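Work through the exercises below with the sequence and the 3D structure open beside you. Try each task before reading its solution.

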Amino acid sequence: MASTDTAPRAKTDDLAGLEAGLDALDAVEIRRTPVREVLLKKVLPPTLAVTLVLAVWQVLVSAKVTDPTKLPAPSAVWHGLEQMWLKGTLLEVIWTSVSRGLFGFLLALAIGTPLGLLVARVTFVRAAIGPVLSGLQSLPSVAWVPPAVLWFGLNDAMMYTVILLGAVPSIANGLVSGVDQVPPLFLRAGRTLGATGFKGTWHVVMPAALPGYLAGLKQGWAFSWRSLMAAEIIASSPDLGLGLGQLLENGRNNIDLPGVFLAIILILVVGIAIDLLVFSPVERWVLRSRGLLVKS
């Protein structure tokens with residue numbers, strides 16, 4: 001009789017242990033990262049890298065390894081930055097380009113997202129324009145500047161056209177890739193629960209395809225920014241205002257190498273800042289919500 005009582009108890013203990021183990025796996029510890037840890041792991045490495053680059057740059061200039069007309073001193077570039085700040089033109093130049101880039105990216109987002117869904121979900125549409133989107137994505141953005149100038153002239157419409165033609169294919173292809181990676185089981189489960197049509201797309205497809213879609217958005221922003229810089233450099237005009245691309249072209253025309261380096265650095269800083277302030281937090285949130293950003 002004792003053996004018959006022990007067997008059910010052992011099974012109960014095994015089930016309880018299994019449930020406890022599953023609960024432990026599901027219990028993801030989420031804690032706020034201390035400021036000191038953020039400074040050490042996120043701020044210190046890039047700061048050291050930038051400091052090293054500046055040090056090597058200064059050593060090359062001081063040792064006269066190259067001609068000053070080919071590699072200006074960091075102090076000369078800093079002086080140009082300081083002069084723009086004192087004149088009050090620095091933020092204006094940056095905002096001219098950033099506002100164009102962000103608005104063009106939002107337009108590309110509004111067009112590329114439904115286009116990507118259409119290509120991903122409709123077989124005929126994918127066969128018809130899927131290869132075209134891939135070809136457009138590999139086409140250099142600068143190739144669109146001459147026809148855009150002929151179509152619209154030297155105005156903001158030309159700028160936004162170049163941005164759209166550069167960014168829309170990346171966003172659409174990113175979403176297509178994300179949708180292709182959605183497990184079929186998710187789609188069947190959604191249909192079983194009544195999530196069909198738009199509801200299925202909104203509640204099942206888009207959340208499951210979010211990682212690929214986010215990668216497409218990041219690439220779309222990179223294409224938007226590069227397309228805008230190409231348009232501002234080639235199609236510079238006083239009517240368009242002074243942006244970072246025009247600043248770079250003005251430095252070349254005036255044989256102002258410190259100004260050229262300053263424009264390049266500002267373009268780089270803006271691109272990095274948008275990625276760190278916008279896309280990186282969203283990416284961390286997506287990974288954390290899926291239990292993929294857990295510290296051991």
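## Exercise 1: A residue with two partners

The model is predicted. D156 is partly exposed, with a relative accessible area of 34%.

**Task.** Find which residue meets the side chain of D156 in a salt bridge, and classify that residue as buried or exposed.

**Solution.** 

Step 1. The partner is R100, and the N to O distance is 3.2 Å. The pair joins distant parts of the chain: R100 sits in helix α4 (residues 90–121) and D156 in helix α7 (residues 156–180), 56 residues apart.

Step 2. R100 has a relative accessibility of 5%. Buried means under 20%, so R100 counts as buried. D156, at 34%, falls in the partly exposed class.

Step 3. R100 also forms a salt bridge with the side chain of E232, at 3.0 Å from N to O. This pair again links distant parts of the chain, with E232 in helix α10 (residues 210–234) and R100 in helix α4, 132 residues apart.

Step 4. Both E232 and R100 are buried. Taken together, R100, D156 and E232 are linked in a network of salt bridges.

## Exercise 2: Helix α12 and a pocket

**Task.** Name the element that gives the most residues to the lining of the second largest pocket, and describe that lining by residue class.

**Solution.** 

Step 1. The second largest pocket holds about 670 Å³ of space. It is lined by 21 residues, and the closest to its centre are V50, L54, I265, L268 and V269.

Step 2. The elements giving two or more residues to this lining are α2 (35–62), α3 (74–87) and α12. Helix α12 gives the most, with 9 residues.

Step 3. By class, the lining has 19 nonpolar, 1 polar and 1 charged residues.

Step 4. Look again at L268, which is found in helix α12. L268 has a relative accessible area of 53%. Exposed means over 50%, so L268 is exposed.

## Exercise 3: Apart in sequence, and in space

**Task.** State how many residues separate L117 and L175 in sequence, and how far apart they are in space. Then say whether L117 is buried or exposed.

**Solution.** 

Step 1. L117 is placed in helix α4.

Step 2. L117 and L175 are 58 residues apart in sequence, while their C-alpha atoms are 6.9 Å apart in space.

Step 3. The relative accessible area of L117 is 17%. The cut-off for buried is under 20%, so L117 is buried.

Technical notes. Residues are numbered from 1 along each chain as its sequence is written. This is a predicted model: local features need pLDDT of at least 70, side-chain atom pairs count only at pLDDT 80 or more; totals for chains, interfaces and linings use all residues. Side-chain values use heavy atoms; hydrogens and water are left out. A salt bridge is a side-chain nitrogen of Lys or Arg within 4 Å of a carboxyl oxygen of Asp or Glu. Helices (H or I, at least four residues) and strands (E, at least two) are DSSP runs, numbered from the N terminus. Buried means under 20% relative accessible area, exposed over 50%, partly exposed in between (1.4 Å probe, protein chains only). On a 1 Å grid over the protein atoms alone, a cavity is a set of points where a 1.4 Å probe fits but cannot get out, and a pocket is an open set with protein on both sides within 12 Å along at least five of seven lines; lining residues have an atom within 4 Å of a point. Grid points are joined across faces, edges and corners, and a volume is the space filled by probe spheres set on the points. Ala, Val, Leu, Ile, Met, Phe, Trp, Tyr, Cys and Pro count as nonpolar, Asp, Glu, Lys and Arg as charged, and the others, Gly among them, as polar.
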